[in-house]
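These are my notebook entries on a structure that I had not examined before. I set down what I looked up, one topic at a time.

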Amino acid sequence: MARRAVFYYDFGSPYAYLAAERVNGLFSEAGAEVPEWQPILLGGLFKRFDRSSWGLGAGREAGMRECERRAAAQGLAPIRWPDPWPPNTLIAMRAATFAKEIGKTVSFSLAAFRQAFAAGRDLTDFDTVAIAAAAAELHPRALQSAIDRDAIKALLREATDRAGNAGVRGVPSVVIGGEVFWGDDHLDAAAAAAAA
């Protein structure tokens, strides 16, 4: 039996937001098991592969407009860009790692993505992360305690390292049986491969 697909993401990526809003539905429609959601730290991949965010480069404005067009085509609320963008997502991704540990990955992650790109709120601010946590029924004190725990920090580092070892160089990426589907525009192909 094939291994379950893994969906890798970081809250700083608007393309990961677009993918998160539809990945489970695409897999279900294709007749495939929905993927495991795995939060990773995109900054860790950037460092490992000597890359940087397109949001810091010459293509920033064109990329932002493309994300806005894709959101509209998906019927999502207009993207409201958080300030700063791209952000340092370390705290938010630790929170997602904690959410995964207690079985709340998808609900927390969708809430966090929506705080960032539908509400335009800053996920470097713990209060914004706590709002997303509340939507997933996570207590803010438990969340605060968790993101400071060495075990959660280690889990996020390990997940990021595993992603890089699997060939993931950016997000969103779906890995199925050793094949990497990188980008929101490759989700359909990933779902078809998972169903095959």
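**Entry 1: the largest pocket**

I asked which residues lie nearest the centre of the largest pocket. In this predicted model, they are Ser13, Leu42, Phe46, Ser53 and Val171, out of a lining of 28 residues. I noted a volume of about 480 Å³ for the largest pocket. Next I looked up which helices supply at least two residues of the lining, and I found helix H1 (14–20) and helix H3 (42–49). Of the elements in the lining, H3 gives the most, with three residues. I then sorted the lining by residue class: 14 residues are nonpolar, nine are polar and five are charged.

As a reminder to myself on the method, rolling a probe the size of a water molecule over the atoms shows where empty space is left.

**Entry 2**

Phe7 stands opposite Val174 in S3, and the bridge partner of Val6 in S3 is Val175.

I also looked at what packs on the sheet.

I asked over how many bridges strand S3 (residues 173–176) and strand S4 (residues 179–182) pair. I recorded four bridges, in the antiparallel sense. Val175 stands opposite Val180 in S4, while Val174 has Phe181 as its bridge partner in that strand. The hairpin of S3 and S4 has two residues between the strands, and Gly177 takes a positive phi near 50 degrees there.

I then checked which way the side chains of S3 point. Ser173 and Val175 point one way, Val174 and Ile176 point the other way, and all are buried.

**Entry 3: Gln38**

Leaving aside neighbours within four places in sequence, I listed the contacts of Gln38: Val6, Phe7, Tyr8, Tyr9, Lys100, Ala159 and Arg162.

**Entry 4: Asp161**

I found Asp161 in helix H9 (residues 150–165). I noted a relative accessibility of 43%, and Asp161 therefore counts as partly exposed. I also looked up how far the C-alpha atom of Asp161 is from that of Phe11, 150 residues apart along the chain, and the separation is 17 Å.

**Entry 5: cis peptide bonds**

I looked for cis peptide bonds and recorded one that joins Asp83 and Pro84, with omega about 10 degrees. Pro84 has its place in the loop between helix H4 (60–73) and helix H5 (90–101). I recorded another cis bond from Trp85 to Pro86, with omega near -5 degrees. Pro86 is found in the loop between H4 and H5.

**Entry 6: positive phi outside glycine**

I asked where Asp50 has its place, and found it in the loop between H3 and H4. Its phi is near 50 degrees, a positive value in a residue other than glycine. With a relative accessible area of 74%, Asp50 is exposed.

I then looked up Glu137, which lies in the loop between helix H7 (126–135) and helix H8 (140–147). Glu137 is not a glycine, yet has a positive phi of about 60 degrees. At 66% relative accessibility, Glu137 counts as exposed.

Note on methods: Residues are numbered from 1 along each chain as its sequence is written. This is a predicted model: local features need pLDDT of at least 70, side-chain atom pairs count only at pLDDT 80 or more; totals for chains, interfaces and linings use all residues. Side-chain values use heavy atoms; hydrogens and water are left out. Buried means under 20% relative accessible area, exposed over 50%, partly exposed in between (1.4 Å probe, protein chains only). On a 1 Å grid over the protein atoms alone, a cavity is a set of points where a 1.4 Å probe fits but cannot get out, and a pocket is an open set with protein on both sides within 12 Å along at least five of seven lines; lining residues have an atom within 4 Å of a point. Grid points are joined across faces, edges and corners, and a volume is the space filled by probe spheres set on the points. Ala, Val, Leu, Ile, Met, Phe, Trp, Tyr, Cys and Pro count as nonpolar, Asp, Glu, Lys and Arg as charged, and the others, Gly among them, as polar. Contact means heavy atoms within 4.5 Å. Two strands pair if DSSP finds at least two bridges between them.
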